[in-house]
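Please read each point with the structure open beside you.

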Protein chains: 2
Amino acid sequence: MTPSDFDVVCLGNAIVDVIARVDESFVARHGLVKGSMNLIDEERAELLYSDMGQAIEVSGGSAGNTAAGISSYGGRAAYFGKVKADQLGAIFRHDMRAQGVSFETAAATDGPATARSFILVTPDGERTMNTYLGACVNFTTADVDAKVIEAAQVTYMEGYLWDRPEAKEAFKLAAKIARAAGRKTSITLSDSFCVERHRESFLDLIRNDIDIVFANESEIKSLYLTQNFDGAMQAIAKDCPVAVLTRSAAGCVVVDNHKIHATPAYPVNKVVDVTGAGDLFAAGFLFGYTNGKSVAQSAQLGALAAAEVISHVGARPEINLQAHSKALGLL
Amino acid sequence: MTPSDFDVVCLGNAIVDVIARVDESFVARHGLVKGSMNLIDEERAELLYSDMGQAIEVSGGSAGNTAAGISSYGGRAAYFGKVKADQLGAIFRHDMRAQGVSFETAAATDGPATARSFILVTPDGERTMNTYLGACVNFTTADVDAKVIEAAQVTYMEGYLWDRPEAKEAFKLAAKIARAAGRKTSITLSDSFCVERHRESFLDLIRNDIDIVFANESEIKSLYLTQNFDGAMQAIAKDCPVAVLTRSAAGCVVVDNHKIHATPAYPVNKVVDVTGAGDLFAAGFLFGYTNGKSVAQSAQLGALAAAEVISHVGARPEINLQAHSKALGLL
């Protein structure tokens, strides 16, 4: 393989998280399904926001969180995503760059505002996401910088992009460029409802264009319409060279060319907010994978990053993951 | 006294806090004085922001934090402060109202953006604030709603307003209206550097127009140009009917018409970020004071609110202080 400028380039919806604690009654009152991600329009965004308590704002977006995590491990990450040229867009860009991520996608100068996701955290630490895509609707094939894709060992994309035809086309173009350059491609299935919406085309994509799939237990079961995790694991092993399957506190199973590696979850004193757990697992794994670590070591780095991010509010690491993992003897 | 619609109306700079963890070298590199509040212009704001790491955004502003705390205790709070009609302004307004605070000051439609304070938290939990006042420069006497002042038991104002002549005039007008309506007036001295800048006019104000002064140890010492806390306490007792003097972990001393009440600090497991400690102490005290509690009880409520806010990042309570204090038998 030719030398790479980046370990990973991440494509996703560029979103600022608006995080508030709510009680169970809020979830019930607004007819939300706990633990899911819901796409909402501007009107519903205003309704939910007006009923939410005091919030904090923090840059998020699934693939954005992953890029930040890779960079926190000392990896070389780039990001493609669309913000508007507004205050929240400037915050998002600052936070990506402050973490060391290369983020050059032009901001939209008109159209909807930078995307927000209202993340409602219930007392059990579970989170329900309500995403107003805003400026993300302007993410298209024009935002796919072939030079960056060709210079990255892995092109990683969030399944959420599939919810908009233009973003889906951008995703497919990026995968095609990556494969043509002899690079690897990767997808996270994002959310079981997202899998519901796109099962057939996800399967088609994975079978033909993807080298590494990330999914949690409910997503992989949904993909193969089964309640049986082992069955789903055997199915994905046939469909994709590498599958990284996370199971919350039960840890992770990586299927690498039909070989199975199980890794326990990293212990956490108190789960404060599970937002970003999957994103940071992917970050740790991809950092390891693109830096010569074994599959088992890579999964350990994923588990460590996930444990850090669920121990506080917000979906990006609050500490330097490279220093943290070195202190623990994992790097 | 006639019936009141509000317990307290708070006047202050309407600011969104941008909070980031930094190491000691950042503080040194930018020539900052740890623990202080610095006013910065837009250019310096951009410089500091570009060098800061990933941040979280959360509504703040000293008197805004106090209003939020009073409301969290179940008190009736109103707020006057100036944001711009932009995204951060909308966030600030949402957060005030979500906490139950009445906030009707019109947003500026042109001029500088909503104010931001870069709050840099060092590993010791200490914070250094760098405030770009932005839209706050448009806060004037026109924003003082006499009806609200007349309907509030206490008009509370942050000393930081003194840094701008127009805001100082608004402050003086509010005090005059409050006194004319038979209401009480209150000020927090805000910061020892703020006292440095305005010592003589603060003293003049306190001696003539203020019923309740809030200050921490360094502020009250600075006011009377002494290194002796007891001396400063005796001086303020002569100058103002009620003085609430906070001393961090050493607790609080209230001088109420020459009677001294000492209250210990409420224990905290781990100090995460001291931002808002004084603001929340004032909130608890003023809630108690305007709701028939004794001075000692009011100080206890102040200590409890301060302990809550320094146990997490951000300067507003993350829990309901009314429920919290009831559970502890303090209400």
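1. Helix α3 covers residues 62–72 of chain A, and it packs with α10(A) at an angle of about 40°, the two axes lying 8 Å apart. Axes here are lines fitted to C-alpha atoms, for helices over the stretch in contact, and angles run from 0 to 180 degrees between N-to-C directions. Helices (H or I, at least four residues) and strands (E, at least two) are DSSP runs, numbered from the N terminus.

2. Before going further, please note that this is a predicted model, in which local features need pLDDT of at least 70 and side-chain atom pairs count only at pLDDT 80 or more, while totals for chains, interfaces and linings use all residues. Residues are numbered from 1 along each chain as its sequence is written, and chains are lettered from A and ligands numbered from 1 in the order in which they are written.

3. The crossing of α3(A) and α10(A) is right-handed, a crossing being left-handed if the near helix is turned anticlockwise from the far one by less than a right angle, and right-handed if clockwise. On the α3(A) side the contact includes Ser62(A) and Ile70(A), and on the α10(A) side it includes Asp279(A) and Phe287(A); two residues are in contact if their C-beta atoms, placed from the backbone, lie within 7 Å. The residues of this contact divide into 6 nonpolar, 5 polar and 1 charged, where Ala, Val, Leu, Ile, Met, Phe, Trp, Tyr, Cys and Pro count as nonpolar, Asp, Glu, Lys and Arg as charged, and the others, Gly among them, as polar.

4. Helix α10 (residues 277–289) of chain A also meets helix α11 (residues 295–310) of chain A, their axes coming within 7 Å and crossing at roughly 150°. This crossing of α10(A) past α11(A) is right-handed. Its contact residues divide into 16 nonpolar, 5 polar and no charged.

5. In chain B, an open sheet of 9 strands with mixed pairing has the order β6-β5-β1-β9-β10-β11-β12-β13-β14. At its edges stand β6 (102–103) and β14 (259–263) of chain B, each with a single partner strand, so one side of each has no neighbour in the sheet. Within the sheet, β10 (residues 184–188) and β11 (residues 212–216) of chain B pair in the parallel sense over 3 bridges, strands counting as paired if DSSP finds at least two bridges between them. In this pair, Thr188(B) stands opposite Phe214(B).

6. How many residues does each chain give to the contact between chains A and B? Chain A gives 19 residues and chain B gives 19 residues. On the side of chain A, the largest share, 6 residues, comes from α4(A). Strand β4(A) is joined by 2 bridges to β4 (residues 56–59) of chain B, and the two run antiparallel, with Val58(A) opposite Ile56(B).

7. Chain A can be laid on chain B with an RMSD of 0.0 Å by a turn of 180° and a shift of 0.0 Å along the axis, copies being superposed by least squares on the C-alpha atoms of residues with pLDDT of at least 70 in both. That is the relation of a two-fold axis.
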